[in-house]
Amino acid sequence: MKTWIKNPTATWTGNQTPAANGIVVEGSVITELVNGEPVSAVDEIYDAGKCVLLPGLVNCHHHFYQTLTRALPSALNKELFDWLASLYPIWANLDEEAIRASTTTAVCELLLSGCTTTTDHHYVFSDQTTNGIDIQAEVTERLGIRAILTRGSMSLGKSDGGLPPDEVVQNADDILKDSERLIHRFHQTNEGAMLQIALAPCSPFSVTTELMRDSAVLAREHGVLLHTHLAETMDENDFCLEKFGVRPVDYLEQVGWLANDVWLAHGIHFDSQEMNRLGSSGVAISHCPSSNMILASGISPVKELIKAGCAVGIGVDGSASNDASNLIQEIRQAFLIQRLKYGSANVSHKDALHLGTTGGAALFHRQDIGEIAVGKQADVALFNLEELRFSGAGDPIAALVLCGAHRAEAVMVAGRWRVREHQLVDIDLAQVMNDQKKAALKLTG
Ligand SMILES: [Zn+2]
């Protein structure tokens, strides 16, 4: 089956090759960038006449379960540590239905905003939710989004000097055993992989030093990536100095994580020497602008990190600190905050689009996604410019970012349409919202 996505208003491929008349998709792969007419007959035409065509967007950090605690009154207007302390006891009661509902909600939001690849960092496990990642795998497969699910973990409870309450931490043996089980069960290594696993101890203040080390050893044994939160707030820097006697990047080095199979969420409070060490080691960073603004954590030095050699992508972060899962809007947030930091001549809308596409693909070490090119996976997003917010716009690509695109007209993942006419294909959104409201009410009372 050959489909021609025909004559978009504009195409941003993420590289130098133009595709003025669209692309041809065959199976799960892009087989032609069209400039004129396709070289051979096609079976189906998708008229993209009113749309801008982009590579599918890549989300590099999230906590799906937090969609159940968005805009929660008891967690409003707090910075990270106080915010976490007010939410941990609620998250401790997550059950299977809550994980299923929140994963479904977050993935639907992501798809509708043009996202085709997402990660999730699920780190709350209790006696009643030992199979959180299994549920997420089932949901992401059903909804047809490409996923890198991380087996998160917390092992340093309050009684051992950590931040989380003891009831949400697990012992290290259970964590490592379950991590290995999930890698064996779900991790795909083929080109076009739809589901991969990574290991993700939560943060220096919620995981023991031993578990950081052992997670790295296990990940490398199986060739999977490593992920954690780092240098998000000054409080975290202070915690590391007090508890470990070193700053976060030194701590990372001590536990064997200063390496090119690691990506970090946030990455804000580094000095220039630390950025050079991160860059030369090949550590990647997920920039999470909305979350950093809501929790007033700081501004990630994205340009310096890229200059130092880090791959940088964008993450919406968990929906208790964003509180949305809209990736095209997050690209706008990155554009705005990075411009504020570096000046209007130094950050363009294309820089922001790169963060949300090619940057994310590099962060995940994926050669097969993140841009529109022959042989890449057919992951694309189309945004219709026939909306009031774009009316009168000059440059159609700049308009997406500057006028605030917020919903995709159509989204394709691995050659399958997942969104058409702003609607999810084969998904009853009313049912999704109903399940989500029920689960949120049960959790937060
Ligand atoms: Zn996070």
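This is a predicted model: local features need pLDDT of at least 70, side-chain atom pairs count only at pLDDT 80 or more; totals for chains, interfaces and linings use all residues.
T67 has 28 other C-beta atoms within 10 Å. A residue counts as buried when that number is 20 or more, so T67 is buried.

What does T67 touch, leaving aside residues up to four places away in sequence? Its contacts are S102, T105, A106, S319, S325 and Q436. T67 and G162 are 95 residues apart along the chain, and their C-alpha atoms are separated by 25 Å.

Helix 2 covers residues 96-112 and helix 14 covers residues 429-444; their axes come within 9 Å and cross at roughly 135°. Because of this angle, helix 2 is oblique to helix 14. The crossing of the two is left-handed. Sorted by class, the contact of helix 2 with helix 14 contains seven nonpolar residues, four polar ones and two charged ones.

Six strands form an open sheet in the order 2-6-15-16-17-18, and the pairing is mixed. Strand 2 (10-11) and strand 18 (423-424) stand at the edges with a single partner strand each, so one side of each has no neighbour in the sheet.

Strand 6 shows both kinds of pairing. With strand 2, strand 6 pairs in the parallel sense over two bridges. Here A10 has V52 of strand 6 as its bridge partner. With strand 15 (residues 380-384), strand 6 (residues 51-55) pairs in the antiparallel sense over five bridges. In that pairing, L54 is bridged to A381 of strand 15.

Are the residues of strand 6 buried or exposed? Five of its five residues are buried, and the strand is described as mostly covered. C51, L53 and P55 point one way from the strand, while V52 and L54 point the other way, and all are buried.

A further helix pair can be set beside the one described above. Helix 11 (residues 327-342) and helix 12 (residues 349-363) have axes that come within 9 Å and cross at roughly 130°. Helix 11 is therefore oblique to helix 12, and their crossing is right-handed. Helix 11 contributes L327, I331, A334 and F335 to the contact, and helix 12 contributes H349, A352, L353, L355 and G356. By class, the contact of helix 11 with helix 12 has seven nonpolar and two polar residues, with no charged ones.

Notes: Residues are numbered from 1 along each chain as its sequence is written. Two strands pair if DSSP finds at least two bridges between them. Helices (H or I, at least four residues) and strands (E, at least two) are DSSP runs, numbered from the N terminus. Axes are lines fitted to C-alpha atoms, for helices over the stretch in contact, and angles run from 0 to 180 degrees between N-to-C directions. Angles under 35 degrees count as roughly parallel, over 145 as roughly antiparallel, 65 to 115 as roughly perpendicular and the rest as oblique. A crossing is left-handed if the near helix is turned anticlockwise from the far one by less than a right angle, and right-handed if clockwise. Ala, Val, Leu, Ile, Met, Phe, Trp, Tyr, Cys and Pro count as nonpolar, Asp, Glu, Lys and Arg as charged, and the others, Gly among them, as polar. A residue is buried if 20 or more other C-beta atoms lie within 10 Å of its own, exposed if 12 or fewer, and partly exposed in between; C-beta atoms are placed from the backbone. Two residues are in contact if their C-beta atoms, placed from the backbone, lie within 7 Å.
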